[in-house]
Amino acid sequence: MAQNTPMMKQYLEIKAQHQDAFLFFRLGDFYEMFFDDAVKAAQELEITLTGRGQGEDRIPMCGVPYHSAEQYMTRLIEKGYKIALCEQVEDPKHAKGVVKREVVKLLTPGTMMNGNIIKEKENNYLVALTVFEDDCYGLARTDLTTGECAVTLIIDDIEEVIQDIASSGAKELVVSSSIKEPLIKQIEKKCSVTLSYEEESELVKEYEHLVADLQSEKLITSFSRLLQYLIRTQKRSLGHLQQVTFYQNDSFMKMDTHTKRNLELTESLRDKKKAGSLLSIVDQTVTAMGGRLVKNWIERPLINKKTIEERLVLVTAFLDSYFEREELRDELRQVYDVERLAGRIAYGSVNARELVQLKRSLQKVPLLKSFIEKIAPQYVERWFKNEDQIEQLIDLLEQSLVDDPPISVTDGGMIRPGYHEELDSYRDASLNGKKWIAELEQREKLETGVKSLKVGFNKVFGYYIEVTRANLHLLPEGRYERKQTLSNAERFITPELKEKEALILNAEEKMESLEYDLFVIVREEAKQYLEHIQTLAHAISEIDVLAGFATVSEKRHYVRPLFSDDRKIEIVDGRHPVVETVIEKGQYVANDVHMHTGREMLLITGPNMAGKSTYMRQLALLAVMAQIGCYVPATVAKLPIFDQVFTRIGAADDLASGQSTFMVEMLETRYALTKATEKSLILLDEIGRGTSTYDGMALAQAIIEYIHDTVRAKTLFSTHYHELTQLDETLVDLKNVHVSAVEENGSVVFLHKVVDGQADRSYGIYVAELAELPTEVTKRAEELLTEFEQSTPTAVTISSSVTEDVKPQQLSLFFEEHEPTATVKESTVHTTIAKQEEKVIKKLIKKDVLNMTPIEALQFINELQRSLKE
Ligand SMILES: Nc1ncnc2c1ncn2[C@@H]1O[C@H](COP(=O)(O)OP(=O)(O)OP(=O)(O)O)[C@@H](O)[C@H]1O
């Protein structure tokens with residue numbers, strides 16, 4: 001049976017240890033897959049499924065050529081699969097029986113070092129989760145391409161754990177196999193990660209220095225799991241792993257994944273691309289390292305005023321030095337991704353060309369330093385502290401490698417002449433031999449008189465003398481030995497030529513292998529400088545991000561934010577950083593936001609399409625920008641530091657997780673109501689619209705009241721329930737604002753200006769007309785609207801700052817419904833009366849009757865009567 005062949009036995013034994021991965025089994029020039037692996041891989045990679053053996057014993061099989069295997073592997077990894085790479089680990093020529101094979105590496109989404117999955121300006125994090133007995137969760141993460149390592153502990157908050165994993169963008173999560181199923185299900189629902197398993201283990205001694213800064217055993221245990229997984233899968237040096245840093249989510253402004261998505265921080269809602277996001281505006285970086293850092297900063301705005309101010313001071317310094325900044329950025333453009341190059345050095349996968357790129361980047365350091373000396377002298381120490389070591393590394397690379405080496409490390413041409421004597425002597429031998437051959441051609445031409453005679457070389461026959469058939473008669477007898485016959489020429493060799501050829505080839509072979517050995521020595525030596533390269537990479541990325549902030553702030557006329565301790569918001573002429581760039585120049589209408597005692601919550605009304613959501617998002621984005629240390633789009637921006645931002649904006653259908661739109665809306669609202677503090681910012685957009693009018697309105701009001709009385713967070717609440725605008729009479733810290741619009745010649749003009757007071761209409765039908773709904777529909781809607789306005793008791797609108805003539809009716813609690821034909825004047829009278837009645841009712845309700853004397857009661861009734869008569 002085919003399965004019983006020794007090779008198949010070997011395959012099955014290895015496969016048994018790698019059940020969760022495709023086993024790429026090396027057979028000669030191919031990686032082969034068998035059984036289910038083959039069926040699935042053929043499907044996923046669209047390659048032909050073949051088979052070994054006959055009939056029932058036929059084993060499904062497919063394969064990819066060794067030379068182009070990488071693209072196939074990358075495709076599988078991108079789809080979230082894992083691959084166990086099984087190589088022949090002994091020379092088939094010396095093998096007794098089946099060639100020895102071993103899995104030399106596990107390729108997984110979180111441990112890839114190259115390929116499409118690695119985005120230049122994005123980290124590729126691998127996260128390990130450890131659940132401790134006391135509901136404490138340890139999270140450790142690393143980006144293997146850069147060596148960054150970080151850990152945190154989260155106490156009893158699964159939501160935060162999930163958000164931490166999601167916000168890192170991790171594609172792979174390492175857990176213990178004993179982890180509880182419901183928790184894994186919850187994580188899988190919210191984060192698209194590939195799961196891998198690694199059990200608890202002691203910290204490997206060799207890496208103890210990495211955790212020197214960690215204070216708790218739990219943190220070390222959490223990191224150990226991650227490290228153990230790396231060791232098991234990578235099977236090679238991890239010398240570039242950096243000191244593990246401890247971070248606390250409480251040190252950053254917290255935003256759940258919905259909020260980040262709603263605010264379009266790093267990708268747009270529509271197509272999930274960077275374009276259209278806040279990141280696309282503030283990321284003006286010119287290096288890949290800077291690009292990754294600015295993304296991390298946006299994901300985690302700061303809450304420590306001192307650190308924010310430090311960044312702002314630097315942005316100001318970069319702003320004040322236009323010429324130095326621009327020159328500095330020009331230099332930075334030529335700096336390669338030295339952080340990832342460091343990773344490749346540690347891995348031993350760096351080539352000579354990349355080392356030369358590293359050298360060129362390092363050579364920029366003195367110039368970069370001189371710019372920083374002018375722009376922010378106080379930071380020179382911090383950013384350029386390891387110049388001597390950088391200098392040494394430059395020397396090493398300069399002396400050893402030529403200026404333009406090839407990508408291949410096995411074909412020679414990498415080492416600089418003069419670096420190694422033996423290599424130089426081989427080079428001379430080869431060069432002299434080649435010179436002799438070139439001279440031979442001239443000599444032979446002269447002696448034979450055959451002008452077209454030439455000396456050539458090919459891999460099969462080596463050097464030869466070629467003479468065309470027409471000239472063969474001119475050659476002297478016995479001097480040449482015939483080697484190859486072509487259609488119109490003959491090729492010859494001579495003993496002398498063969499002798500030189502042996503010399504040249506021998507020298508070249510030795511040269512190549514010596515070059516490779518020398519290159520490996522240089523690469524190993526470069527490993528000693530990893531830490532210094534990484535320190536420099538950090539400095540370069542910070543400089544790049546901050547200089548970028550200055551560039552965008554200057555270009556778009558941003559202002560430095562000020563942080564108020566009294567928690568007041570005062571924004572004058574604020575703009576939405578993204579919307580202002582996509583609409584026609586000069587068309588963006590800047591808006592103020594004033595929030596303080598008496599107006600801690602703003603209830604925003606206004607027509608559809610007026611700009612309510614834009615106004616709300618604008619405030620949150622300004623807060624995020626300020627807290628990452630960037631200037632903001634406004635003329636004055638005084639803000640408190642927000643600990644958390646919550647949003648419920650737009651439709652966030654989460655059908656994939658089996659929840660209805662309304663349920664998602666309620667879940668997000670619950671999250672905001674339970675987690676927010678008075679230092680938070682809450683944005684709620686049309687809460688309640690996903691259910692019946694009464695339910696929706698009741699919920700909206702209850703939520704507003706709860707935030708107003710209990711949570712006390714700064715809140716923007718937009719609504720089309722105009723009835724809610726009356727709440728400003730009872731809730732002292734709530735104010736109505738509206739986005740204004742005017743009607744001109746039958747069409748509505750959106751002014752996009754936010755002003756105090758409430759709006760009167762939603763102009764939904766007008767927007768429907770703009771969307772070119774069939775005229776029959778919009779006409780009928782207008783008729784129905786008129787009917788509803790005249791008959792529905794819920795159509796309550798108090799006043800209009802925009803269009804007096806279209807004001808719907810306020811219904812009286814005591815009067816009969818007015819006639820449909822009632823004039824505007826009549827209805828205005830009704831409105832006034834209704835208001836008066838309401839005041840009376842409110843007074844009546846508030847009165848504590850049980851504690852009144854009869855006289856007081858009589859006086860009170862008298863007072864009420866008087867108000868009604870008025
Ligand atoms: N301040 C502004 N200046 C200029 N244009 C604006 C401004 N605010 C919004 N807009 C434009 O108006 C469009 C609609 O804005 P937005 O989605 O905020 O409206 P909305 O009031 O929330 O609408 P709806 O109630 O229908 O959800 C935006 O896409 C933008 O083009």
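Let's start at Ala623, which touches Leu639, Phe642, Val645 and Leu681, leaving aside residues up to four places away in sequence; contact here means C-beta atoms, placed from the backbone, within 7 Å. The model is a predicted one, in which local features need pLDDT of at least 70 and side-chain atom pairs count only at pLDDT 80 or more, while totals for chains, interfaces and linings use all residues. Residue numbers run from 1 along each chain as its sequence is written.

Ala623 also belongs to the largest nonpolar core, of 159 residues, where Val315, Leu622 and Ala623 touch the most other members. Such a core is a set of buried Ala, Val, Leu, Ile, Met, Phe, Trp, Tyr and Cys residues joined through C-beta atoms within 7 Å; buried means 20 or more other C-beta atoms within 10 Å of the residue's own, with C-beta atoms placed from the backbone. Helix H19 supplies the largest share of this core, eleven residues.

Now to the ligand: 15 residues surround it, and the closest are Asn608, Gly611, Lys612, Ser613 and Thr614. Near means that the C-beta atom, placed from the backbone, lies within 6 Å. Helix H21 gives the most to this shell, with three residues.

Finally, there is an open sheet of four strands, ordered E14-E15-E17-E16 with antiparallel pairing; strands pair if DSSP finds at least two bridges between them. E14 and E15 are joined by five bridges, and Asn458 stands opposite Gly462 in E15.

Helices (H or I, at least four residues) and strands (E, at least two) are DSSP runs, numbered from the N terminus.

| Element | Residues |
|---|---|
| Helix H19 | residues 530-555 |
| Helix H21 | residues 612-627 |
| Strand E15 | residues 462-468 |

Notes:
Buried ≥ 20, exposed ≤ 12 C-beta atoms within 10 Å, placed from the backbone. Contact = placed C-beta atoms within 7 Å.
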